[in-house]
Amino acid sequence: MKDSSTIVPAVPDQATAAIELRNVTKRFMTPAGQAYTALRDLSMSVAPGEFCAVVGPTGCGKSTTLGLISGLERPSVGEVQVMGKAVQGIDPRIGYVFQSDAIFPWKNVLRNVATGPLFRGRPKAEALEHAHDWIARVGLTGFEDRYPHQLSGGMRKRVALAQTFINEPQILLMDEPFSALDVQTRTLMEDELLNMWSSISASVVFVTHDLEEAISLADRVFVLTAGPATVKGIYTIDLPRPRNVAEIRFEPRFVQLYQEIWEDLRDEVLISYERNKRSS
Amino acid sequence: MSVIKEAVKRAVPAPENSDVQVAAALARRRRILVNVLRVVFFVAIVGGWELFSRIGLIDPFFWGQPTGIVKQIITWITQGTAQGPLWEQIAVTLEETILGFLIGVLLGVVFGVVLGRNRFLADVLGPYIKAANSIPRVVLGSIFVIGLGLGMQSKVALAVVLVFFIVFFNAFQGVREVDRNLLANARILGASSRQLSTEVIIPSALTWIIASLHTSFSFALVGAVVGEFLGSTQGIGLMIQTAQGTFNANGVFAAMVILATVALIMEALVTALENRLITWRPNTVNDVTI
């Protein structure tokens, strides 16, 4: 780990961590029957209400960390804890926004947003009413009857956010949620995300390959190494909140942080790039 | 001033109505042409048939004759068939077809979803399903007639067997193709295993299943009619067989016309069902159907 004034310990406070990964290794079997190590000896900790971003080169295993926290995957070695308890299956306190469209194409907007409460056994009328609230909060009032194929990419993402936020998750996992959007829409969505997050005060792990996005959103940024991934450096982002994502990029402190983290990230990106070039 | 007015007039595009009208007129003309040619085609085939059989190029005793077919249908309608009133024969065949279709679809969907979700079971049963599918299943009709008798059950059973495999393979594939992201998302949102099936897997596989309904309905009809051929006391299949036995070529064709009419009406119903069930899908393929 790098010695820098901005680096804080990987495990700030054992007792209060919302998410904790301890020396986690994750191996997958490839279709060819070989073991592929996605994560190696990775430790990280996220405090309650903290917004953490995880950056790293493409394909380094960033998404795997989310899979482990959510309970969709199990670690090969090591331990994953959520709210002080080892992860066993899927925790209802967790929300997960996926990289690609994961809203249900056969449900209209209202039904999509109401999916979580209905799955969790809330009465239908109550779930639908609650869904109306969240549709209004993401600015999709009037589109309740539309099906996903009738919406733009940005609108579909809003549906996905409402679908996740309606469950009031205490832990919010986001896997490059805005990477498929155009730059303007993306900035708007990032602002909205920060607004919504401030109202529910969840702990967030936001995976991205975009360092700018990571710095403008997060309290702390974890830099991962090229796969197998482990934590290379942790940076505290001391930019004041509330932030305006579109403009924060011009602040001197932002630029300074960017340079500092990029120093760390650049080598990993180069390693990953060289490897991809050779394998292709 | 007048020069400026002229310029303004030119700059403002002429109302586009003329364009739209021309396009609409062209589309209308095309539609009329298509319909006219359809009628011409029908008249040429049926008229040619009638003409050739009248001048003796085709022997109507063996190959039938359109006027003879029409007469036969009228006779059936007014005087009934050898086995009873015409509508009763149609009703019997339809009942067998629909029953076989519904049972076959239900079994196909259930087995397809269960095996699609359970990889282990699918691996164990896979070879047997492939073997069963490779048998020309129409021969099972003989077994069913022996085992279940001349009544309705043997025809329904044959239709079920024919329908089952088509629907089963489609449902199975549909379940296998469900987007992994959707499954993960549903699990995160709190879906139980049953909800995963009813709310994600089946709706997602429905596109595949419904695509198989068109084919499987015609197979249900094949099952019912072939079952009647093999041994029965009622139905359109029996009418065909009786006509064949008495060298009544017109009777065979007349029964075919009735079958085709029934099949087309049912096909329209299946399409209507399809449109009701998958309203969420973008309408991209609707134009391709003939």
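Guide: We shall discuss a sheet, a residue, a pair of helices and a chain contact. Please bear in mind that this is a predicted model.

Visitor: Let us begin with the sheet; in what order do the strands of chain A lie?

Guide: Strands of a sheet pair through backbone hydrogen bonds, either parallel or antiparallel. In chain A, six strands form an open sheet with mixed pairing, and their order is β6-β7-β8-β3-β9-β10. At the edges stand β6 and β10 (231-236) of chain A, each of which pairs on one side only. From one strand to the next, the twist averages 15°.

Visitor: Is the pairing of β7(A) with β8(A) parallel or antiparallel?

Guide: β7(A) and β8(A), the latter spanning residues 203-208, pair in the parallel sense over five bridges. Within β8(A), A:V204 is the residue that stands opposite A:L172.

Visitor: Where is A:I166 found, and is A:I166 buried or exposed?

Guide: A:I166 is found in the loop between α4 (153-165) and β7 (171-175) of chain A. The reasoning rests on a count of neighbours: a residue is buried if 20 or more other C-beta atoms lie within 10 Å of its own. A:I166 has 22 C-beta neighbours inside 10 Å and therefore counts as buried.

Visitor: Which residues does A:I166 touch, leaving aside those up to four places away in sequence?

Guide: A:I166 touches A:V113, A:G116, A:P117, A:H130, A:A131 and A:W134. Sequence and space may also be compared for A:I166 and A:A114: they are 52 residues apart in sequence, and their C-alpha atoms are 7.8 Å apart in space.

Visitor: Turning to chain B, at what angle do α10(B) and α12(B) pack?

Guide: Helix α10 (residues 193-230) and helix α12 (residues 249-277) of chain B pack at an angle of about 160°, and their axes are 11 Å apart. Angles over 145 degrees count as roughly antiparallel, and α10(B) and α12(B) are therefore roughly antiparallel to each other. The crossing of α10(B) past α12(B) is right-handed. Residues of both helices make the contact, including B:L213 and B:F217 of α10(B) and B:M266 and B:V270 of α12(B). By class, this contact has 11 nonpolar, two polar and two charged residues.

Visitor: Finally, how many residues of chain A are in contact with chain B?

Guide: 19 residues of chain A are in contact with 14 residues of chain B. On the chain A side, β6 (94-97) and α2 (109-119) are the elements that give two or more residues; α2(A) gives the most, with three. The residues of that side divide into 12 nonpolar, six polar and one charged.

Key. Residues numbered from 1 in each chain as written. Chains lettered and ligands numbered in written order. Predicted model: local features only at pLDDT ≥ 70, side-chain atom pairs only at ≥ 80, totals over all residues. Contact = placed C-beta atoms within 7 Å. Helix = DSSP H or I, 4+ residues; strand = E, 2+ residues; numbered from the N terminus. Nonpolar A, V, L, I, M, F, W, Y, C, P; charged D, E, K, R; others polar. Buried ≥ 20, exposed ≤ 12 C-beta atoms within 10 Å, placed from the backbone. Pairing = 2+ DSSP bridges. Axes fitted to C-alpha atoms, helices over the stretch in contact; angles between N-to-C directions. Parallel < 35°, antiparallel > 145°, perpendicular 65-115°, else oblique. Left-handed = near helix turned anticlockwise from the far one by under 90°.
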